[in-house]
Amino acid sequence: MLQRCRHFSRLMPRGRRDLSRLALARTPPFALERYFAEHEFSCKISACSSDTEAISLNDVLALMDAETRRLWDEQSLGYTEVKGHPAMLALLAEAYGLEPHCFQEVAPQEGILLAYAALLEPGDGVVCTAPGYQSFHTCAEQAGGAVTFWQCRVDESGARFDVDDLVKACDATPNLKVVSVNFPHNPTGALPSTEEWERIVAICEARGAYLFADEIYRGLGPRTLESAATAYDKGISLGGLSKSMGMPGVRIGWLATRDVRFLRRVAELRDYTTICSSAPSQILAVAALQNRDHLWQRANAYVDAGRRAVEAVLARHEDVLSWGPAAGPIGWVRLRRGSASQYAEALVRSDDGIM
């Protein structure tokens, strides 16, 4: 019987076999999101979210020009185009300096899942920044990838990713297919220099590996790196409205790359997930992209104010808590003694209800 099943799997169309790698039945629980599900909407004070203060619907509507407002007022609640609204794709093309066909609209989390399903065959090697958002490596593993972690280095001066460590990780990874990075980095706030980013791109290029960059925090912080999609012909950028534009509830993101074959495969696989995104959300995305500089300035103002507030608190408790310089809305606060998980649990369950 087992031999028959193996024979049948070889006869399955490639698309069906790819689809099998989207199966989530044996995926481990997403620890962070389960924690959020328990506490995010019941805690008194949320001091841990990596997105900036969300903008209101009325404020987005007020940003719309006459044509976008017409699109909003006349928008049908029918299905939308699988690749995304043409106006949104045109604005993304303008922002990245690419053509509209170089983009596929997705929900950000969906983009991680579909990208790995489209890229990986069982046994392909993946090097991934760590620590990090769990799905960024778990989805690679579920798609058949063998993951090697590029671990950050942390000391009193902060967190950083040593590019020499990336070289070692790539050399130690058989069948290297993808190098996956997230900058500005969650949860440490690490951000490579321009020179280090160029080295990362060159390392991928020399090995013929894809560079999959989670750029969801792009636009937040002291400087902005060139996107992977424009830096390298096998670069893939994941972007979205959640963090840098304060619109996580809209659930709009995108994959950007010059690899049109990869985007075609993502679109085929998406037929089995969401098919397309919310029609109203895509018009809100058009408004956001038309006003991206304004929304980036707004978000960075919150980040700067938040950083000053955190620094003031840490200065009063430097015997217990510390952190190094951080880019974007995330910083890795270190507890000098005791268990960080027990400390966080005690805070959220206290009368103050701080998460």
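In this predicted model, the sulfur of Cys48 has its closest cysteine sulfur in Cys43, 7.0 Å away, which is too far for a bond. With a disulfide taken as a pair of cysteine sulfur atoms within 2.5 Å, the count comes to zero. Cys48 is partly exposed at 35% relative accessibility, whereas Cys276 is buried at 12% (buried: under 20% relative accessible area; exposed: over 50%; partly exposed: in between; 1.4 Å probe, protein chains only). Residues are numbered from 1 along each chain as its sequence is written, and side-chain values use heavy atoms, leaving out hydrogens and water. As the model is predicted, local features need pLDDT of at least 70 and side-chain atom pairs count only at pLDDT 80 or more, while totals for chains, interfaces and linings use all residues.

Turning to the sheet, seven strands make an open, mixed arrangement in the order β1-β9-β8-β7-β6-β2-β3 (strands are DSSP runs of E, at least two residues, and helices are runs of H or I, at least four, numbered from the N terminus; two strands pair if DSSP finds at least two bridges between them). The edges are β1 (103–106) and β3 (146–151); each has a single partner strand, so one side of each lacks a neighbour in the sheet. From one strand to the next, the twist averages 20° (axes are lines fitted to C-alpha atoms, for helices over the stretch in contact, with angles from 0 to 180 degrees between N-to-C directions).

Within this sheet, β8 (residues 235–240) and β9 (residues 253–257) are antiparallel partners over five bridges, and Leu238 sits opposite Leu255 in β9. Helix α6 (residues 86–96) packs on the sheet, touching β1, β8 and β9, with its direction at about 120° to that of β1 (contact: heavy atoms within 4.5 Å). Helix α10 (residues 194–207) lies across β3, β6 (176–182) and β7 (210–214), at about 145° to β7.
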